[in-house]
Structure formats: structure tokens, C-alpha cells
Amino acid sequence: MPGEAHTIIERFWRIQDEGDYTKLAPLFAEDAVLEDPTWGRYEGRKAILGFMTTMVAEMGERKISFTVDEICGDEHTAWARWTMHSPDGDRGGVGIYKVRGGEMIYYRDYIDPPVEDVTDNG
């Protein structure tokens, strides 16, 4: 049977799939920390809500969507392997999550580097 962290991250991805990232904010504790390799560090639910509000506009404008490929977790920690889809192609990544008392207290994404064109033109 999945632990609490696993269950919360499954809920996180169901909500994210709807496209309104602002609905994710209630999953975070008041003192939660979110670290994104592109957008920076956000401390506290209010700051995370601001980040999620920005993501709704940015992801829509850039035509970016995500699919979750795998979730694994226990009572306190979880990770999810995901794929980002964009007009420029797909990139993989992993999210690391910590949960306490039914709320996310830490979230950090890691994303694969873009695939470089290694074609020799000369």
C-alpha cells in the first residue's frame, strides 16, 4: 500500500495535469520550500502560489505540458520521473518531494539538459 508521500504526489500530478498550477498551492505547508532549476527558490505557501501563478501563464504561452512516467514513495519522501513536452521537443526530469503531516514541505525538480545537435557540418 502506498505511503502518505506517494499518495500526495499522485494527487499533485492529477491536479497539475488539469493545467491550473495555482490549485497545487494548498498541497504545500505554510513553511514549504520549492526549488526550480530554471525559476529559482520559493519559501512559504504564498511565494509558491505566486510561482504557480506565473507557471500557468508561462507554460500556456510556451505550449509546455508534462506527463508523469513513474511515482515512487513512502510515508515521508517521494520522487516522480516526468517528461516535459514542448514545441522544441521532449525532455525528461525528476521531482524530489518531502511530506510532513499530509503536506508537502519540500519540492525540487531536476531536468535533463537539452539535446544538442552534434551533426558535423564540415
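Author: Helices (H or I, at least four residues) and strands (E, at least two) are DSSP runs, numbered from the N terminus. Tyr-110, for instance, is found in strand β6 (residues 103–111). This is a predicted model, in which local features need pLDDT of at least 70 and side-chain atom pairs count only at pLDDT 80 or more, while totals for chains, interfaces and linings use all residues. Residues are numbered from 1 along each chain as its sequence is written, and side-chain values use heavy atoms, with hydrogens and water left out.

Reader: Is Tyr-110 buried, exposed or partly exposed, and what decides that?

Author: Buried means under 20% relative accessible area, exposed over 50%, and partly exposed in between (1.4 Å probe, protein chains only). Tyr-110 has 43% relative accessibility, so it counts as partly exposed. Tyr-110 also forms a nonpolar patch on the surface with Trp-79 and Ile-96, with about 260 Å² of accessible area together. Patches are made of residues with over 30% relative accessible area and no salt bridge; like charges are joined within 9 Å, and nonpolar side chains (Val, Leu, Ile, Met, Phe, Trp, Tyr) within 5 Å. The areas come from the Shrake-Rupley method with a 1.4 Å probe, and for residues only the protein chains shown count as cover.

Reader: Which residues is Gly-95 in contact with?

Author: Contact means heavy atoms within 4.5 Å. Leaving aside neighbours within four places in sequence, Gly-95 touches Ala-78, Trp-79, Ala-80, Trp-82, Tyr-107, Arg-108 and Asp-109. Gly-95 lies in strand β5 (residues 89–100) and counts as buried because its relative accessibility is 0%. Its C-alpha atom is separated by 5.6 Å from that of Arg-108, 13 residues apart along the chain.

Reader: What does the side chain of Thr-83 make a polar contact with?

Author: A polar contact is a pair of N or O atoms within 3.5 Å; within protein, one must be able to donate a hydrogen and the other to accept it, and residues adjacent in sequence count only if both atoms are side-chain atoms. The partner of Thr-83 is the side chain of Asp-69 (2.7 Å). Thr-83 lies in strand β4 (residues 77–86) and, at 16% relative accessibility, counts as buried.

Reader: How many salt bridges are there?

Author: A salt bridge is a side-chain nitrogen of Lys or Arg within 4 Å of a carboxyl oxygen of Asp or Glu. By this rule the count comes to 10. One of them joins Asp-31 to Arg-100, with the closest N and O atoms 3.1 Å apart. This pair links distant parts of the chain, since Asp-31 is in strand β1 and Arg-100 in strand β5, 69 residues apart. Another pairs Arg-41 with Glu-43, at 2.9 Å between the closest N and O atoms. Glu-35, Arg-41, Glu-43 and Arg-108 are linked in a network of salt bridges.

Reader: How many residues does helix α2 have, and what span is expected?

Author: The expected span of a helix is 1.5 Å times one less than its number of residues. Helix α2 (residues 45–61) has 17 residues and reaches 24 Å from its first C-alpha to its last, close to the expected 24 Å. Its buried residues are Ile-48, Phe-51, Met-52, Met-55, Glu-58 and Met-59. Their cover includes β1 (28–36), β2 (40–43) and β3 (65–73).
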